[in-house]
Amino acid sequence: MKSNLSDYTALIGDISPSATTAPKWSKQLEGLQMVIGYIGTAPKCNPMSSYSDSGTDLVGTILKDHIIDVLKSFLSAHNATSTHITLQVNAIKLYALLADGYRSEFTPYARQSLTNLLGKYKDKKLCSGVNSCLSTYLKYCPAITLSDLMEEVKEMLRNKKSPPHGVISVLDFLSIVLLEYTSATEPRALKIDSYKSFLNDILLCRVEDSDPKIREANTNAILLFTQLIKNKHKQENSKDTKIVGDIYKQLSTSQTALPKLFKRIDAILSGTTVYTG
């Protein structure tokens with residue numbers, strides 16, 4: 001087992017998919033798992049500003065010099081068919097750990113990975129890891145919001161060629177975020193000026209889908225969003241009264257647009273029911 005800084009960084013440098021002589025995937029996996037093991041499940045990384053070329057912070061040095069390029073290569077659409085699925089699983093896990101460890105400092109790297117991560121919803125084996133990683137980004141990288149993901153999410157939901165497992169996973173991810181922020185006074189994950197588009201362009205996409213599992217996942221997301229609107233509508237000092245009020249009115253008069261859901265929506269808006277998923 002390699003144990004010192006130079007050994008680790010050398011190993012990471014050797015496993016890059018862009019290397020002239022591509023290493024075996026098992027060797028690449030060994031490198032990723034060693035770094036994951038070193039960071040641990042509750043990482044606390046030194047500030048990036050404290051790094052120096054002669055420093056002894058393992059994570060800081062490999063992040064600055066090697067690991068991000070390696071992770072990007074493992075998850076790029078260009079390498080999707082040639083990169084072993086286990087490598088992709090561990091690359092996504094490491095992205096989440098780094099975001100957990102570096103918090104807001106990791107934001108630029110997290111933002112760079114969004115397109116590749118969202119593309120992984122097409123692979124059923126990666127969906128759970130993608131949801132977990134994106135949730136970590138939203139939690140620890142304040143500059144990234146759900147609004148930043150809307151174009152890719154909308155494309156996944158509106159594209160009829162999207163695999164059912166991918167659509168369900170995206171809707172489940174939206175529900176995770178909505179549930180987390182339902183009770184928040186100012187839910188950072190979704191910018192207020194995106195509410196209308198979020199409802200009309202995303203949440204209403206699959207409500208009448210022929211797949212019952214997709215309909216169920218979509219229903220859960222809509223009802224959680226309705227609860228979020230109900231909560232914000234009660235805030236007398238809300239700076240966003242008009243936007244929230246318009247959406248509240250749209251939902252409260254949605255009997256024609258959402259006949260199968262209207263009773264449940266009405267129960268939430270009237271206060272008869274508190275929906276928590």
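This is a predicted model: local features need pLDDT of at least 70, side-chain atom pairs count only at pLDDT 80 or more; totals for chains, interfaces and linings use all residues.

User: What makes a space a cavity, and how many cavities of 30 Å³ or more does the structure hold?

Analyst: On a 1 Å grid over the protein atoms alone, a cavity is a set of points where a 1.4 Å probe fits but cannot get out. The structure holds one of 30 Å³ or more. The largest cavity has a volume of about 30 Å³, volume being the space filled by probe spheres set on points joined across faces, edges and corners.

User: Which residues count as lining the largest cavity?

Analyst: Lining residues have an atom within 4 Å of a point. Here they are Ser 135, Leu 138, Lys 139, Ile 176, Val 177, Glu 180 and Tyr 181. Helices H6 (127-140) and H8 (164-181) each supply at least two of the lining residues. H8 has the largest share, four residues.

User: What makes the other kind of space a pocket, and what is the volume of the largest pocket?

Analyst: A pocket is an open set with protein on both sides within 12 Å along at least five of seven lines. The largest pocket has a volume of about 240 Å³. It is lined by 14 residues, and the closest to its centre are Gly 119, Lys 122, Glu 152, Glu 155 and Met 156. H7 gives the most to this lining, with four residues.

User: How do you know that the span of H4 agrees with its length?

Analyst: Helices are DSSP runs (H or I, at least four residues), numbered from the N terminus. The expected span is 1.5 Å times one less than the number of residues. H4 (residues 85-102) has 18 residues, so it should span 26 Å; its end C-alpha atoms are 26 Å apart, which agrees.

User: Why is H4 called mostly covered?

Analyst: Buried means under 20% relative accessible area (1.4 Å probe, protein chains only). In H4, 14 of the 18 residues are buried.

User: What makes a nonpolar core, and which residues touch the most other members of the largest one?

Analyst: A nonpolar core is a set of buried Ala, Val, Leu, Ile, Met, Phe, Trp, Tyr and Cys residues joined through side-chain atoms within 4.5 Å. Of the 77 residues in the largest, Tyr 137, Phe 198 and Phe 225 touch the most other members. H4 gives the largest share of this core, 10 residues.

Definitions and conventions
Residues are numbered from 1 along each chain as its sequence is written. Side-chain values use heavy atoms; hydrogens and water are left out. Buried means under 20% relative accessible area, exposed over 50%, partly exposed in between (1.4 Å probe, protein chains only).
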